Structure formats: structure tokens, C-alpha cells
Amino acid sequence: MSRIDVVVPCYNYGRYLEACVRSVLDQAGVDVRVLIIDDCSSDDSELVGRRLAAADSRVEFRRH
């Protein structure tokens with residue numbers, strides 16, 4: 001099985017973050033890891049990113 005790392009840069013796109021990450025995680029036939037990089041968003045991106053990371057060990061969240 002192929003391993004893929006996906007980096008998701010994020011700045012004030014919390015409303016799209018969950019759908020984006022779910023789309024990556026739902027890919028069949030690959031072992032994926034997602035790294036969300038939040039560039040100090042002023043919306044709810046941090047909350048969404050931390051929630052996604054807590055719910056799935058394949059997701060990491062980092063905030064600058």
C-alpha cells in the first residue's frame with residue numbers, strides 16, 4: 001500500500017477544513033497522513049483542526 005503525506009495550509013478557512021481533511025482520509029488504497037498548518041487564523045480553524053486531530057491519529061495539527 002502506498003503512503004501519502006498531505007499538507008493542508010490553512011488561513012481563515014475553518015469552514016472548509018473538515019470537508020478537505022475528510023476527502024483526503026477517505027481515499028481508498030493509500031495510507032494517508034494529514035498535516036494541517038494553521039497560519040494564526042482568526043476564525044475557528046484552530047478549533048476545527050484540533051478536533052480533527054483528536055478524532056483521528058492520521059491527522060496532525062500545527063498552529064503558527
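For the charge count used here, Lys and Arg are taken as positive and Asp and Glu as negative, while His and the chain ends are left out. In this predicted model, the protein chain carries 9 positive and 11 negative side chains, and 2 Å separates the centres of the two sets.

The protein chain contains two helices and three strands. Their order along the sequence is β-α-β-α-β. A compact globule of 64 residues would have a radius of gyration near 11 Å, and the value for the protein chain, 11 Å, agrees with this. Along the principal axes, the C-alpha trace extends over about 40 × 20 × 15 Å.

Of the 64 residues, 31% count as buried. The protein chain exposes about 4,100 Å², of which carbon and sulfur atoms supply 51%. Among contacts between residues at least 6 apart in sequence, 72% join residues at least 24 apart.

Side chains of opposite charge can pair when their charged atoms come close. How many salt bridges does the count give? The count comes to nine salt bridges, where a side-chain nitrogen of Lys or Arg must lie within 4 Å of a carboxyl oxygen of Asp or Glu.

| Pair | N to O distance |
|---|---|
| Glu 18 and Arg 51 | 3.4 Å |
| Asp 38 and Arg 63 | 2.5 Å |
| Arg 62 and Glu 60 | 2.8 Å |

The side chains of Glu 18 and Arg 51 meet in a salt bridge. Glu 18 belongs to helix 1 (residues 14-25) and Arg 51 to helix 2 (residues 45-55), so this pair ties together parts that are 33 residues apart in sequence. Both side chains belong to partly exposed residues: the relative accessible area is 33% for Glu 18 and 43% for Arg 51.

A salt bridge also joins Asp 38 and Arg 63. This pair links distant parts of the chain, with Asp 38 in strand 2 (residues 30-38) and Arg 63 in strand 3 (residues 59-63), 25 residues apart. Is Asp 38 buried or exposed? Asp 38 has 0% relative accessibility and therefore counts as buried, whereas Arg 63, at 32%, is partly exposed.

Arg 62 forms a salt bridge with Glu 60. Arg 62 is partly exposed at a relative accessible area of 44%, and Glu 60 is partly exposed at 29% relative accessibility. Finally, a network of salt bridges links Arg 3, Asp 5, Asp 31 and Arg 33.

How values were computed
Residues numbered from 1 in each chain as written. Predicted model: local features only at pLDDT ≥ 70, side-chain atom pairs only at ≥ 80, totals over all residues. Heavy atoms only, no water. Helix = DSSP H or I, 4+ residues; strand = E, 2+ residues; numbered from the N terminus. Rg over C-alpha atoms; globule rule 2.2 N^0.38 Å. Buried < 20%, exposed > 50% of the residue type's maximum accessible area, 1.4 Å probe, protein only. Contact = heavy atoms within 4.5 Å. Areas by Shrake-Rupley, 256 points an atom, 1.4 Å probe, with all protein chains shown as cover. Charge placed at Lys NZ, Arg CZ, Asp CG, Glu CD.
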